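Student: I have the model open and I'd like to learn how to read a few of its features. Can we go through them one at a time?

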Amino acid sequence: MHSAENDGEQHQSVKLTINGLPVSADTGMTLVEAAWQGGVPRVTSVGCMEGVCGSCRIMLRRGKQVTVGLACQTFAAEGIEAVFLPPASAPQHHYEIDDFKDGWDIHARFQDIFPEASRCRHCHGCDYACPKGIKVENGVAQAAAGRYRDAGETFFECVMCELCDVACPELIAPAHVGLFSRRITAHFHLRPPNLINRLEELRKERSGSSIIESDEE
Amino acid sequence: MSNGIPLAEARARYSPDADIGPLPDLADTDTLLNAYHPDHLRGSLVNLVVGANAGDSCQRELAELLQAEAFIDEADLAGTPVSDVDVLVIGGGGAGCAAALMAAEKGARVLLATKLRLGDSNTVMAEGGIQAAIEAGDSIQQHIQDTLRGGHHAGDPALVAAMAGDGPDVLRWLIRLGMQFEQTSGGDLHTRRAGGMSTARLTHCRDYTGLEMMRVLREAVIQHRSIEVWEQSPVVELLSNEHGQKCVGAVLTSLLDDRLRIVRTRSVILATGGLGRLHLNGFPTSNHLGATGDGLVLAYRLGARLREMDSFQYHPTGLLHPSHLAGKLVTEGVRAAGALLVNGVGRRFVDELLPRDMVCAAILRECAEGRGIRVDERHVGVWLDTPRLERAQPGLLEKQFPNLMSRTRVSCVDPRYTPLLVHPTLHYQNGGVVIDTNGATTVPGLYAVGEVAGGIHGRNRIMGNALLEIISFGRRAGIAATANRDRGPKKVTLEHVNRMRRALTLAGMPMSRRAPQVLPPYAAGGVWSR
Ligand SMILES: Cc1cc2nc3c(=O)[nH]c(=O)nc-3n(C[C@H](O)[C@H](O)[C@H](O)COP(=O)(O)OP(=O)(O)OC[C@H]3O[C@@H](n4cnc5c(N)ncnc54)[C@H](O)[C@@H]3O)c2cc1C
Ligand code: SF4
Ligand code: SF4
């Protein structure tokens, strides 16, 4: 980890607190780097350090403003206070995709699994929480209206940090609503001809020869 | 290194429509690799002295870990709580999740233990795509040939054939679980041709292929009734039977409270991924925080054979700048889409779609010979000419590489207008634990799948084969491990640890170092007080 670079950009030295401990860092550093350099113990809810794994969830105070976000996407600044959040609790909504036999009753199934989704109170809590700028509230509305393909597209950049789940007063679990929407769209509708043709060719070849592969189900 | 063109000067000289000259002829590739590839750096290799690979060549820093003392001894086992399961999967990336799902589907009670959060992995970071021979002009045979050729014919043809043959069905399985892919207007899966492929074979989900795969697998695992997940729970040692000959479980610790736990089982599936965070030869890495080669250390101590421990993949285009993204990847997809590499004097210097080891060596040659772009003494790189690509195909970067765009946006760099400064980064472990087509290692009861396993990519991996491998072999091992229905372990011991200690003492090796590493030193604050 190097930080100072003579690239013309001025990095200033700043003081902040992480998990209650005073840390000095410079402004080119993310809060993950600042925490490690500052010797903050047990900062292990860190994964990719480029904002795709959703692990390094923090609560951040800047003056009077309190927000949530990802530590690897947040840069050190004077006087801010950051706290790494504990891991998310286990999901409250359960389904296995193999339990869905066809797509015609999928909306009824969705309502059974996510009954809260139709009770959104449009408080924007999830939108404020999302570090990826996803229009979460809108995505939930799309799913609640049965528009799963659109909902899934809304959640395209979701990194499963589940900060929206924490923010939602109705316990809708927007992150999982989004993933449900994406998954059933692929599960029921993605039927690519080139893949299907090749699978069919391979099936014929295999049934033509007597070799039975060990992984044949 | 004081040579190279200063950044400011190179920036001033750069223009997206300057003439960058013809592609120079590549001198003999072996000479290039020998002179510049990091695997050939003087002093970077040693011969292993103890264990199943004694006498074999191995990267120096890795050898130190493979021949180190364990953290756990018999005294630690007394009074430690024990759990019993049918199959223990170690590692919560793509390979581990695929193995857990298959084992559960076959009726096993599965425990998946992972070091960080479920899904914190190299898998989630993969961008470019996953290979499968599905186009009409392509064939499984061609996929096999490309893979073997890309790996300099060091791969195991049986493993390669198994993986390539699984390709189309792997895609079907992923789609069924709910993974989306990019499609053409006619509904086909969209494919690209990337480095080392004879034809278009790379399927993808924009440049978030790994994220899309990982979030679907993660959700499927969390939702599955017969899979239990332990997060923040690294395995620090395996357990063997009283002869030290069979794997019968593992010892885990917790990053939250350091408490040990024992898991007893019939089969263990190692899916711990790679080792970029060991920063071999001082290189930056594209890998996630947990990639510290633990699986290699654990398997080797239990007697498993490894292979190609002297061969690593340095990805040609790691970001050099801005510093907080140092080592992070610019997917090869960008080069596949047409982006060129340009040196500090404004010239193209290599065919961008040659296998990665050659492109990497060519970049290091430019830097070493003074044609690189210098940020400071330690940081020299070359341009990845994204603005030129944007000129040729307006809107492409935004549309197909949202991940790259959003990562660079945080630091106010816009690749549509500014070329990216890149340098090779430690990316992938080509070799690994020796396995058969079921993912079984040379130790009974122990399976290894994904990046921790070896034999498929030979001495160089071509893009898109890792994501295929992890699902193909993850599924195979999940099934095979469940088929083992013996009565389970009578006794769990550390006999293999004792055996390794005797061998180290006999060979007069130092015993001061302990392994596995679990976390890189800069992130280990407060953890691992033992
Ligand atoms: C930035 C990047 C881009 C890539 N792009 C592509 C691409 O486009 N196409 C492609 O095919 N491949 C790509 N790869 C390679 C590919 O992503 C990986 O090789 C592959 O995903 C590895 O999967 P895995 O399941 O074996 O390991 P991982 O996904 O890394 O998972 C390993 C898991 O094991 C856990 N673990 C480690 N040690 C322990 C321990 N001691 N105890 C318990 N758990 C442990 C880790 O925390 C992690 O969860 C890319 C890799 C990177 C880093
Ligand atoms: S939608 Fe929710 S889970 Fe997804 S990135 Fe935004 S806050 Fe995180
Ligand atoms: S936080 Fe919950 S209730 Fe509020 S807008 Fe979002 S989904 Fe609706």
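Student: Let's begin with the ligand. How far is an oxygen atom of ligand 1 from an N or O atom in the side chain of B:T123?

Tutor: This is a predicted model, so take every distance as a computed one. The idea is to look for pairs of N or O atoms within 3.5 Å. Here, the side chain of B:T123 puts an N or O atom 2.5 Å from an oxygen atom of ligand 1.

Student: Which residues come nearest to ligand 1?

Tutor: There are 39 residues around the ligand, and the nearest are B:D120, B:T123, B:D294, B:E451 and B:L467.

Student: How many bridges join β8(B) to β9 of chain B?

Tutor: Two, and the strands run antiparallel, with β9 covering residues 202–203. To find your place, look at B:T191, which sits opposite B:T203 in β9(B).

Student: Now the interface. How many residues of chain B are in contact with chain A?

Tutor: Start with the counts, then go to the area. In this case 85 residues of chain B touch 69 of chain A. About 6,300 Å² is buried between the two chains, and carbon and sulfur atoms give 49% of that. On the chain B side, B:R117, B:R215 and B:Q223 lose the most area to chain A, together 11% of what that side buries.

Student: What about charges: how many salt bridges are there between chain B and chain A?

Tutor: Nine. One pairs B:R218 with A:E162, whose closest N and O atoms are 3.7 Å apart. By class, the side of chain B touching chain A has 37 nonpolar, 20 polar and 28 charged residues.

Student: And how many residue pairs are in polar contact across that interface?

Tutor: The rule finds 31, with both residues at pLDDT 80 or more.

Note on methods: Residues numbered from 1 in each chain as written. Chains lettered and ligands numbered in written order. Predicted model: local features only at pLDDT ≥ 70, side-chain atom pairs only at ≥ 80, totals over all residues. Heavy atoms only, no water. Pairing = 2+ DSSP bridges. Helix = DSSP H or I, 4+ residues; strand = E, 2+ residues; numbered from the N terminus. Contact = heavy atoms within 4.5 Å. Buried area = accessible area lost by both parts, 1.4 Å probe. Salt bridge = Lys/Arg side-chain N within 4 Å of Asp/Glu carboxyl O. Polar contact = N/O pair within 3.5 Å; in protein donor to acceptor, adjacent residues only side chain to side chain. Nonpolar A, V, L, I, M, F, W, Y, C, P; charged D, E, K, R; others polar. Near = heavy atom within 4 Å.
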